[in-house]
Amino acid sequence: MTLAVLILMLFFPFVITLAAVSPLRPGGAAEIIVRRMGLNHDAAMAVERLFTPRGGGSAQSGWTVLGALWLTLGGLSLAGAVQSVYLRVFRVPAFGLRGVPAQVVWLAGLIVFLAGTTATGAALTGTVAGQVCQALIVIAAMVLLFWIGTWVLVRGRLAWRDVLPAAVFTTIGLTGLGVVSRLLFSTSIVDNERNYGEIGVVFTLLSWLIGLGVVLTGGATVGAWYNARGLSVLRAVGRRARSLFR
C-alpha cells in the first residue's frame with residue numbers, strides 16, 4: 001500500500017509531466033496507463049478524461065524550478081521505496097545517501113521501459129500477430145528491467161544469478177496482474193466513473209496499484225525464498241532445454 005500511495009501521489013505527477021513534454025508519443029500518461037492495464041475502449045476514454053488538463057492547459061506551461069524539483073523527488077521516492085523492499089528482502093544493509101545514484105539509474109531504466117513498451121504497443125497492437133509480439137516484448141523487457149534494476153538497486157551486492165529469480169517471479173506476477181486487469185478493471189473503471197465520477201476512476205487505479213505493490217514485494221520475497229532453497233532458474237531452464245532436444 002505504501003508503494004501504491006507513492007505511485008499515485010508522487011510518481012503519477014512525474015509521469016504525467018514527463019509524458020506531456022516528451023515529443024515521442026502524443027498520448028501522454030493516459031496511454032501509458034491504458035497499455036499497462038490492458039483497458040478496453042470505454043475504460044481507456046475514462047482514463048483519458050481523468051488525465052486531460054482542464055481549460056486546455058498543458059504541463060509545459062506550468063514548469064517552475066520548485067515544481068521540477070518536486071517531480072524529481074517524486075520519482076526518486078518511488079525508487080527509494082522499491083530499493084528498501086529489495087534491501088530488506090535480501091538482507092542487504094541500507095545505503096543511505098549512497099543509494100541515491102542507484103535510484104536515479106533505476107528510475108531512468110523505468111522511464112525507458114515505459115516509453116519503449118508504450119511506443120511498440122502503439123505500433124504493433126493493430127493485428128493479432130502484433131499483439132502476440134508486443135506481449136513477448138513486454139515480458140522480455142520486464143525480466144530485463146527487474147533483473148538489471150534489482151542488481152542496480154542493491155549496488156551489486158548480490159550476484160546476477162541471485163537476483164534473477166526475483167525478476168522472473170515478479171514478471172510472472174505482473175503478467176498475471178495484467179490478465180486480471182483486462183478481465184476486471186475495465187468494467188470497474190467504467191462503472192465507477194458512471195456512479196462516482198472521476199474519483200471512481202481513481203479508486204480503481206488505486207486498487208490496481210495496490211496489486212502492483214503486492215506483486216513487486218511478493219516477487220522479491222519468493223525470489224529470495226527460491227535462493228534460500230538452493231534452487232536455480234538457470235539450471236531449471238537448462239534442464240528443460242535439454243529435455244526438449246533429446
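Colleague: Let's start with Asp 191: why is this residue called partly exposed?

Modeller: Keep in mind that this is a predicted model. Asp 191 has a relative accessible area of 31%. Buried means under 20% and exposed means over 50%, so Asp 191, at 31%, falls in between and is called partly exposed.

Colleague: And what makes Asp 191 and Arg 194 a salt bridge?

Modeller: The closest N and O atoms of Asp 191 and Arg 194 are 3.0 Å apart. The cut-off is a Lys or Arg side-chain nitrogen within 4 Å of a carboxyl oxygen of Asp or Glu, so the pair at 3.0 Å qualifies. Both residues lie in helix H7, 3 residues apart, which is about one turn of the helix.

Colleague: Is Arg 194 buried or exposed, and how do you know?

Modeller: Arg 194 has 59% relative accessibility. Exposed starts over 50%, so Arg 194 counts as exposed.

Colleague: How many salt bridges do you count by that rule?

Modeller: The count comes to 2. Besides Asp 191 with Arg 194, the side chains of Arg 49 and Glu 193 meet in a salt bridge, at 2.8 Å from N to O.

Colleague: What makes you say that the Arg 49 pair links distant parts of the chain?

Modeller: Look at where the partners sit: Arg 49 is in helix H3 (residues 41-51) and Glu 193 is in helix H7, 144 residues apart. As for cover, Arg 49 has a relative accessible area of 42%. With the limits at 20% and 50%, that makes Arg 49 partly exposed.

Colleague: Staying with H7, why is Leu 177 called buried?

Modeller: Leu 177 is in helix H7 and has a relative accessible area of 12%. Buried means under 20%, so Leu 177 gets that label. Its C-alpha atom is separated by 7.3 Å from that of Gly 211, which is 34 residues away along the chain.

Colleague: Then why is Leu 183 called exposed?

Modeller: Leu 183 lies in helix H7 too (residues 160-196), but its relative accessible area is 63%. That is over 50%, so Leu 183 is exposed. Leu 183 also belongs to a nonpolar surface patch with Val 179, Val 180 and Leu 184, and together they have about 380 Å² of accessible area.

Colleague: How do you know that Phe 146 and Phe 12 are buried?

Modeller: Phe 146, in helix H6, has a relative accessible area of 8%, so it is buried. In space, Phe 146 and Val 163 are 8.4 Å apart, C-alpha to C-alpha, and 17 residues apart in sequence. Phe 12, in helix H1, comes to 12%, so it is buried as well.

Colleague: Last topic, the largest pocket. How much space lies in it, and which residues are closest to its centre?

Modeller: About 1,200 Å³ of space lies in the largest pocket. It is lined by 42 residues, and the closest to its centre are Arg 35, Arg 36, Met 37, Val 138 and Trp 208. By class, the lining has 31 nonpolar, 7 polar and 4 charged residues.

Colleague: And what does the secondary structure of the protein come to?

Modeller: It comes to 9 helices and 0 strands. Of the 246 residues, 41% count as buried.

Terms used: Residues numbered from 1 in each chain as written. Predicted model: local features only at pLDDT ≥ 70, side-chain atom pairs only at ≥ 80, totals over all residues. Heavy atoms only, no water. Patch = residues over 30% accessible without salt bridge, like charges linked within 9 Å, V, L, I, M, F, W, Y side chains within 5 Å. Areas by Shrake-Rupley, 256 points an atom, 1.4 Å probe, with all protein chains shown as cover. Helix = DSSP H or I, 4+ residues; strand = E, 2+ residues; numbered from the N terminus. Buried < 20%, exposed > 50% of the residue type's maximum accessible area, 1.4 Å probe, protein only. 1 Å grid on protein atoms, 1.4 Å probe; cavity = no way out; pocket = protein on both sides within 12 Å on 5 of 7 lines; lining within 4 Å. Points joined across faces, edges and corners; volume = space filled by probe spheres on them. Nonpolar A, V, L, I, M, F, W, Y, C, P; charged D, E, K, R; others polar.
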